[in-house]
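I opened this notebook to record, entry by entry, what I looked up in one structure.

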Amino acid sequence: MSLLVKGGTVVGPTGTRVADVLVEGEKIVAVLDPSFTPTITANEVIDASGKYVIPGGIDAHTHMEMPFGGTSASDTFDTGTRAAAYGGTTTIIDFAIQRTGEVVQDGLAAWRAKTEGECHIDYAFHMILGGVDTDALKAMDQLVADEGITSFKLFMAYPGVFYSDDGQILRAMQTARANGAMIMMHAENGIAIDVLVQQALERGETDPIYHGITRPAALEAEATNRAIALAEVAQDCPLYIVHLSASQALAKVAEARDAGRNVFAETCPQYLYLTLEDQLGAPGFEGAKWVCSTPLRSKHESHARDLWKGLRSNDLAIVSTDHCPFCMKDQKEMGIGDFSKIPNGIGGVEHRVDLIFQGVVDGHLSLERWVETIATTPARMFGLYPQKGIVQPGSDADLVIYDPNGTTRIGVETHHMNMDYSAYEGVEIQGRVGTVISRGEVIVADGNYHGRKGRGKFLKRGLSSYLM
Ligand SMILES: [Zn+2]
């Protein structure tokens with residue numbers, strides 16, 4: 001079975017050019033100057049003239065079906081990966097979880113069971129370590145060597161749930177330094193945050209906005225700085241700061257990168273577009289829709305502007321979603337009268353490619369940087385390159401044909417995520433996902449779905465391409 005994507009503008013990290021992309025089976029076999037292709041025959045031809053042809057999006061941070069605070073994220077691997085496909089994402093990296101007191105491999109087995117036969121697109125796992133001890137350190141080696149899981153997430157937040165103390169973090173970093181894995185860090189000072197939360201509740205400050213106010217930027221910056229220092233002590237263990245939201249934390253990352261350190265960071269669309277005042281501070285309980293950690297930041301400070309700048313300068317390497325949806329009904333509502341009981345998370349796996357394209361339209365990013373931050377760099381960062389993240393011969397035929405002349409209106413009535421609201425209700429994007437191809441198979445065409453659950457494959461990952 002062959003497929004020719006004809007006449008589109010292929011966008012990659014190093015530039016754009018009009019080219020025909022020939023696919024045989026699941027792979028790209030040629031990227032050709034259009035003047036050569038009249039001689040090529042294919043079973044199916046898709047006209048992409050006037051459109052961008054980009055590598056399928058890779059969302060390196062999702063939490064499908066994740067248990068949190070007595071409930072679970074509302075997207076299953078079935079509904080969540082289908083929604084991702086609609087939005088031009090053809091690979092996700094989800095977080096398998098080792099709970100405190102649990103064997104790491106048992107946590108991984110649980111995630112394998114959840115995903116088996118469920119995913120519409122390809123998927124891989126990071127591993128959350130909720131209990132770093134000698135067995136967990138040994139398990140890190142085993143996961144890197146045998147399971148294709150080469151990144152481990154630790155939490156400086158959520159004491160009593162996922163929290164690791166500095167000693168545990170250091171030991172995990174030393175292990176990662178030795179086996180080549182990446183340490184991913186939720187960098188917020190959870191011990192101090194818990195004090196602020198308790199004090200706020202005692203004052204009767206129970207509305208959703210206090211979720212943001214009790215997680216100040218200074219405590220994100222402090223934890224980011226501490227993580228960077230611990231990684232330095234662990235002989236420059238590779239460190240990746242997840243969901244960075246504050247200018248002050250970005251400054252710490254930039255300083256480390258300027259010093260040549262193995263420090264990387266991602267941000268998420270919610271921190272580029274949404275704010276503490278306008279969303280989290282919405283009247284009544286409405287703000288619960290936007291309770292996530294790290295929290296949305298103040299529009300009166302320079303965070304969003306600095307994050308866009310960080311994406312341009314590569315101090316922020318990747319845009320992921322931290323997709324962790326909860327419905328308002330029965331889920332977010334658990335926190336009426338006590339913001340600390342609102343499940344933390346925003347759903348957005350369907351909208352990342354569009355929202356960052358809007359950044360191109362608005363003059364924040366180049367086309368090349370759009371593709372880098374949503375596809376190429378996630379592939380390189382997490383050991384999927386060049387199988388994923390690039391339009392070139394030999395790579396998987398994961399392609400999105402993106403129409404810069406189309407429009408996308410985001411809303412709960414039209415999205416495909418299993419959420420009863422949209423975090424971006426009414427936002428209009430000057431661009432539109434047209435055709436989505438996953439390993440040579442058209443799974444979305446003009447808003448119609450042709451994929452099926454179970455077709456997505458588990459990807460064993462190698463080590464990061466960026467490490468020395
Ligand atoms: Zn997360």
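The entries below go from the conventions to the domains, and then to single elements and residues.

**Entry 1: conventions**

I noted that this is a predicted model, in which local features need pLDDT of at least 70, side-chain atom pairs count only at pLDDT 80 or more, and totals for chains, interfaces and linings use all residues. I number residues from 1 along each chain as its sequence is written.

**Entry 2: domains**

I looked up the domain assignment, which gives domain 1 as 2–54 + 389–449 and domain 2 as 57–381; such bounds come from an automatic or database domain assignment. The centres of the two domains, taken over C-alpha atoms, are 28 Å apart.

I then looked up the contact between them, where two residues are in contact if their C-beta atoms, placed from the backbone, lie within 7 Å. On this basis 31 residues of domain 1 are in contact with 45 residues of domain 2. The elements that give two or more residues to the side of domain 1 touching domain 2 are strands E1 (2–12), E2 (15–24), E16 (399–403), E19 (432–438) and E20 (441–445). Here helices (H or I, at least four residues) and strands (E, at least two) are DSSP runs, numbered from the N terminus. E19 gives the largest share of that side, 3 residues. I recorded its residues as 17 nonpolar, 12 polar and 2 charged. Ala, Val, Leu, Ile, Met, Phe, Trp, Tyr, Cys and Pro count as nonpolar, Asp, Glu, Lys and Arg as charged, and the others, Gly among them, as polar.

**Entry 3: the UniProt records**

I found that UniProt places the feature "domain: Amidohydrolase-related" (unreviewed entry) at residues 52–442. UniProt positions are given in the numbering used here, feature names are shortened, and annotations may be inferred rather than shown by experiment. The span 52–442 is 37% helix and 18% strand, and its end C-alpha atoms lie 16 Å apart.

Which residue does the annotation "modified residue: N6-carboxylysine" cover? In the UniProt record (unreviewed entry) it covers Lys153. I located Lys153 in strand E11 (residues 151–155). Is Lys153 buried or exposed? Lys153 counts as buried because it has 23 C-beta neighbours inside 10 Å. For this term, a residue is buried if 20 or more other C-beta atoms lie within 10 Å of its own, exposed if 12 or fewer, and partly exposed in between, with C-beta atoms placed from the backbone. Not counting residues up to four places away in sequence, Lys153 touches Phe95, His126, Ile128, Met184, His186 and Val242.

**Entry 4: helix H3**

I turned to helix H3 (residues 134–147), which has 14 residues. From its first C-alpha to its last it reaches 19 Å, close to the 20 Å expected at 1.5 Å a residue; the expected span is 1.5 Å times one less than the number of residues. Ala136, Ala139, Met140, Leu143 and Val144 of H3 are buried. They lie on the same side of H3, because they cover an arc of only 135° around the axis. The arc is that of the directions from the helix axis to the C-beta atoms. On the other side of H3, the exposed residues are Thr134, Asp135, Lys138, Ala145 and Asp146.

The buried residues of H3 pack against strand E9 (89–98), helix H2 (104–115), strand E10 (122–129), E11 and helix H4 (166–179). Just after H3, I noted a positive phi of about 70° at Gly148.

**Entry 5: helix H2**

I next examined H2, whose 12 residues reach 17 Å from first C-alpha to last, close to the expected 16 Å. Its buried residues are Val104, Gly107, Leu108, Trp111 and Thr115. Their arc of only 100° around the axis puts them on the same side of H2. Asp106, Ala109 and Ala113 are exposed on the other side. What covers the buried residues of H2 includes helix H1 (77–86), E9, E10 and H3.

**Entry 6: Leu129**

I found Leu129 in strand E10. With 27 C-beta neighbours inside 10 Å, Leu129 counts as buried. Leaving aside neighbours within four places in sequence, Leu129 is in contact with Gln98, Ala136, Phe152, Leu154 and Ala172. Leu129 and Gln98 are 31 residues apart in sequence, yet 5.2 Å apart in space, C-alpha to C-alpha.
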